[in-house]
Each structure stands twice: as structure tokens, then as C-alpha cells.
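Biologist: Could you take me through the place where the two chains meet, in some detail? I'd like to know who touches whom.

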2 protein chains.
Amino acid sequence: MNITIYDIAQKCHVSIATVSRVLNGSSRVSEKTRAKVLKVMKEMGYKPNPFARGLGLDSMKIIGVICTDVADIFYAHAVSLLEDGLRKHHFDVMLSNTGSDTGHNGKYISDMAGKHVDAIITIGTPFSSESDVRLLCETARQIPVITINSDYHQPRMYSVVCNERDGMKDVVAALANKGCQHILYIYNSLTYSGRHKLDGFRQGIKELNLPHKAELIQQTPRTLTDTEALIDRLVAGNVDFDAIVTSDDIFAVGAQRAALRHGLDIPVIGCNNSILAECATPTLTSLDNKLTNLCAAAVNIVTELTTKGADAVPIRTEFNAELVERESFTT
Amino acid sequence: MNITIYDIAQKCHVSIATVSRVLNGSSRVSEKTRAKVLKVMKEMGYKPNPFARGLGLDSMKIIGVICTDVADIFYAHAVSLLEDGLRKHHFDVMLSNTGSDTGHNGKYISDMAGKHVDAIITIGTPFSSESDVRLLCETARQIPVITINSDYHQPRMYSVVCNERDGMKDVVAALANKGCQHILYIYNSLTYSGRHKLDGFRQGIKELNLPHKAELIQQTPRTLTDTEALIDRLVAGNVDFDAIVTSDDIFAVGAQRAALRHGLDIPVIGCNNSILAECATPTLTSLDNKLTNLCAAAVNIVTELTTKGADAVPIRTEFNAELVERESFTT
DNA sequence: TTGTACGCGTTATCAA
DNA sequence: TTGATAACGCGTACAA
């Protein structure tokens, strides 16, 4: 079996309480015994048992992170940023991949809650069905829930978002400013982020009095080939467009490639400013949703909740999006 | 506070032992009391405390997964596959991002071990310094360590690898078969995988009696711009090459783009068969290292270790690589 | 400054 | 088939 504080105490001729005290640094222990205990700990290779500690404190310094798919480059980046930030504050990360928002992802929430994580951070929109959302809100009553790019307006839920709606409006304005009239918008799903981007696009079109035809707003599966096929169909159907905006870089890659194949050398703008935008030829201009800021804010909330308390923490944190210009479009 | 088995026991007029028994299903309990206990559990919304359980069993069904960077598309994919597979077997995943192989990553190992994870899975080469490797091997004596694309040949360490060496030899052969003589190889670091690919490349060159010049093997930082700059320098320096092979798709993207800029329409082959290969124009042929198989095997090892026992589990599992052909090269 | 004793929620080992 | 009780390792009042 493992070394326990009892072993240390025995070897040091002190009580377990004393050992526990030097372990937690807090209470007052004579410098002499502290040194001795620390020395013996190191010698014996003592490691505190996290279960026992957790049992008393009801905390194991683990944060649950939930997203639909870490294999997706965007979520992967977010998880990476969160992990780095949390680790700096001595939190571990338990990862949960829901697969996709099936409407029956509640089990992931209760699993996490059952494991007694110290907080839950969701990225994107892993939960949208009524039952899932309800469960999430109930869970929030017991442990803090931080949502990145979602907002449920519930007690003990902390929302961190990027204002992609206004960002998208600016994109439309920038394109219009260059003379584009018929902007094609390609998206995949109506997540929180997806809805706001689409709203922003529509609003931009409206405010600038650009022609808005239904055929200029298209939905597509999340693959390159589907997106290319979509462009092929539109061209074949004589749908006119002089610019393309997409809700994710991946669609922009496919759309741009297909457009160029048809001789359409038009502005293309993606979203998320991922490595994919840099891999495309020409490189893609992309609307950056400031993931670094979002994740840093989420980490901040976690730490401040434990140090300061629930009231000292903002329930909503919002950042502006930023257009990162590359070859596919410059203002 | 939460509901405990004491509460359930009291309400059912039975002892906690009985409650514990129905909880674990194992021991014999009369159907009548079992039903009653289960009913009350549901009524009161009882959730077993994982810490207390962990304290007794010294296990919380958590697997530690360690890699250098989840933000990297390859590791992200691996983590995703592992998470999915492990969750199906009711394991949770604790993620640890070392950042890069600094030679001082031992703390991540002891952290994991200290958290009493049930096993550790490493992806790639997060540990290579002597001290880190020693620590990893020592840790393996206490908890199983499964290494994906690494091999330390130590007791209680289970290695799952892809034979990229032979895969790379085949790549060279395929290029030579098409008449390529001066193949440029671009890599980043000498991880386990990196070493084997480079070895395979060298061996392929040698066995086919192709000219091997030092300047045809180049190292580069892991960025697109650096890789493009590398090609620019080589071209400016009149280094002749008629094909490019790279240790990762990201380098292939940059190299191909730069080469095309210089009018060099030559075969380009990447590694890992990631989405990046599909985003490039032309799309990139890539050596797939069968990550899906590797991760499935790792998950298998974890589950079989607990069910069957250490001796029933293979200490080394090897898969073949596979060349996935796209526009940048076809055999 | 230090030590004693109890609680945390479960599992497991005895008896009954 | 059940029940009482001892671990499991740590934190912490309370006492000394």
C-alpha cells in the first residue's frame, strides 16, 4: 500500500495532525518539526491520497470540460487553452465529448456532477434540447457552470461570449464597402454562435439595403466535399453571388476552392480564424472569435469563484470579434 | 449535504451493508428488499459519493491522457478517439497537456500518478529526457502505462505503434517508381515517430540507390511560414529536388504552396492524413498512421487489463501505415 | 505548539 | 439473507 500521513507521523514521532498541518501549510507548526516532517515526506516519497482528501473537502480540484467534439480544430484549441489556464491554478481537467448535440446529452452532465467536479465548463452548444438544458440548469444550482459561447440566463451559470453578431455585421459592411452586393452565406447549424452569426449577417444585409434572396443563405453538412458540391449546385443553378461568407473556416476552404474552379475569383471570408484559413490557397480572411480571451475569462471565473465568492464574479463576459485579413479579402 | 447510504438505510429499515450490496449488485439480497432499496434510492435522488468509493477501492475509473498539445489537430483527433472509446467502458478521461517536450515534464507524470488514475495513456513523445523517462518507467510499476507511438520496453508498459518506418520506405519507393530522384524530406523533431519516419526515408533512399545529399533533409519549425521560407531558401540556393515528403501534413501544405509559387509542380506527400491535407490545393497525398486503430488498441488494453489481467494483454501492438492518395501524388 | 478523536461515505469482513 | 463494524487516508475541532 501507499505511504500515508500515519507512516510519516510515526517516523517523525509526531501526530498525524501535525503532519496534516505541514501538509496544508496553514496552521502554525514549529520550524523545526516542519522541516523534519518535510524531509521524511520527501524521503519516503509521500503522496497525499486525493480520495481521502476529497472525501473531507468534497473537492478534488477537477474541472469538467464538455464540448461536442475535441477532434474539431476549434474545440481542440479551446480545450488546450482551458487546460493550460486551469493547470496553472492547480486544477485538473476532465474531458467529455458529447459527440454532437443529439438532444439526449444529459447523461454527460449528470456523469460530471456525479463525479463531483468543482465546476463545469461547456464550449459551444452541446446542450439545446429542453430536457438537457433543464438538467444543466439544475446542476448549476449545485456546482458552478461556465458556458463559453452559450447563454442560458440562469442562477449560478456564468456566460462568456464573443459578440459574433456585430462581428458578422461588420463583415457584411466591409464587403458592401468593396462593392459586393450578392453575398452568399454558408452555415452548418444553429448553435448559439451559429444563430448570432446568421442574425448578424441578415441584419447587416438589411441595414445596408442589400438584396436578400433566400437562395443566398445556404446550409451544408460539415465537410469539405459537401460544401464544394453546394457551390457546384448553386453555380449550375445560375445563382449569382459576388462574395462568400461562411460560419466556419472549413466551409470557406471548400467554397473558395469550388468557386475558383468555376472561375469565380471573389472575396471569401470564414469564421474562427483557425489554421485551416492559413492552409487554404489563397489564404482566407477570417472572423476571429477571440477564443483566447474567452477561455482566459472562463478560467478566471473558475478561480475567482473559489477565492472571492459567487457575487464577485461577472455573470456575463463579452468580447468583440476581430476580422483577421488575409489574401481572400482585404478592406 | 448529499444523500448517503445511511439515509437510504434508515428510510428502508435496513443496514448500510444491505444498501451497499444492492448498490454493487454483486452479493445476494432478497428480491423484496432490493426492490425497496432501489425505489427509495430513486425517490431520494441518491448518488454514490465517488470519493468515498475511491477511498475504499483506490480507483475512480479515470484514465490519464498525456500529450504535448491538444490544440494540434493530430493529438486532438487522438484524444477524441480515446475519450469516445474509454467512455463506452465507463472510464473518464483526465487530460494533461505538457506543452512541448521540454525535458522537464516529469511533474505531469507524478501529478497524474498522484491523482491515482487507473492508467496513463501517452500520445506521441511527451517525455524523452532521461529523468522524465525514468520517472515514467517507475510510475509504470504502480499503474499501467500505455504509450501510443512510443516504446520504452519496460515492465507494465504497453506500447501501441504504427510502423511508419516501413510506410515511409514505401513512399520513397513509390516516388522513385515515378522517376523522382532528388526527394526533399522536411521534418520537425525527432520524436519516436519522427525518428522512425526519417529512418525509413533514409533507408528507402539507400536501398534504391537514390542520391542522398545532406541538403535534401531539412528541419523546420512547426509553422506554415517557416516551411515556406525554407523552400524559398532552398530554391534560392539552387538546391535541386523533384519531390517533397514531410513528416506532417502542415509542412506539406507550406512546402507545396511555396514550391508552386516557384513553378515547381512536383509530387508532395505529407503525414498523418489530417484535414489539413484536404484543405490544401491541390489536395495532399498523405501517409496515414492509422490513429483510429492505435487508439482503439489502447482502449482495449485498458479494459482488458482490468478484466483479464496483465498477462493476457499484448505488450506491443503494431499496425501498418497506409498511403492515402490525393491530387498531389498518385501511384 | 502539539495530540486526540471524530467525521467524511463506501466497501469488505466477519457474525448472526 | 442480513447486520455490526472495521478499514480507507485525511482534515479539523477541541483539548492539552
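Modeller: Let's start with a charged pair: the side chains of Arg87(B) and Asp111(A) form a salt bridge, 3.8 Å from N to O. The rule for that is a side-chain nitrogen of Lys or Arg within 4 Å of a carboxyl oxygen of Asp or Glu, and it finds four salt bridges across the interface of chain B and chain A. Bear in mind that this is a predicted model, where local features need pLDDT of at least 70 and side-chain atom pairs count only at pLDDT 80 or more, while totals for chains, interfaces and linings use all residues. Residues are numbered from 1 along each chain as its sequence is written, chains are lettered from A in the order in which they are written, and side-chain values use heavy atoms, leaving out hydrogens and water.

On to the whole contact (heavy atoms within 4.5 Å): chain B brings 47 residues and chain A brings 48. Together they bury about 4,100 Å², with 62% of it on carbon and sulfur atoms; buried area is the accessible area (1.4 Å probe) that two parts lose on being put together, summed over both. In chain B, the most area is lost by Phe51(B), Lys115(B) and Cys279(B), together 17% of what that side buries.

There's a strand pairing too: β2 (residues 92-97) of chain A runs antiparallel to β2(B), over three bridges. Strands here are DSSP runs (E, at least two residues), and two of them pair if DSSP finds at least two bridges between them. Within this pairing, Val93(A) sits opposite Leu95(B).

Notes
Helix = DSSP H or I, 4+ residues; strand = E, 2+ residues; numbered from the N terminus.
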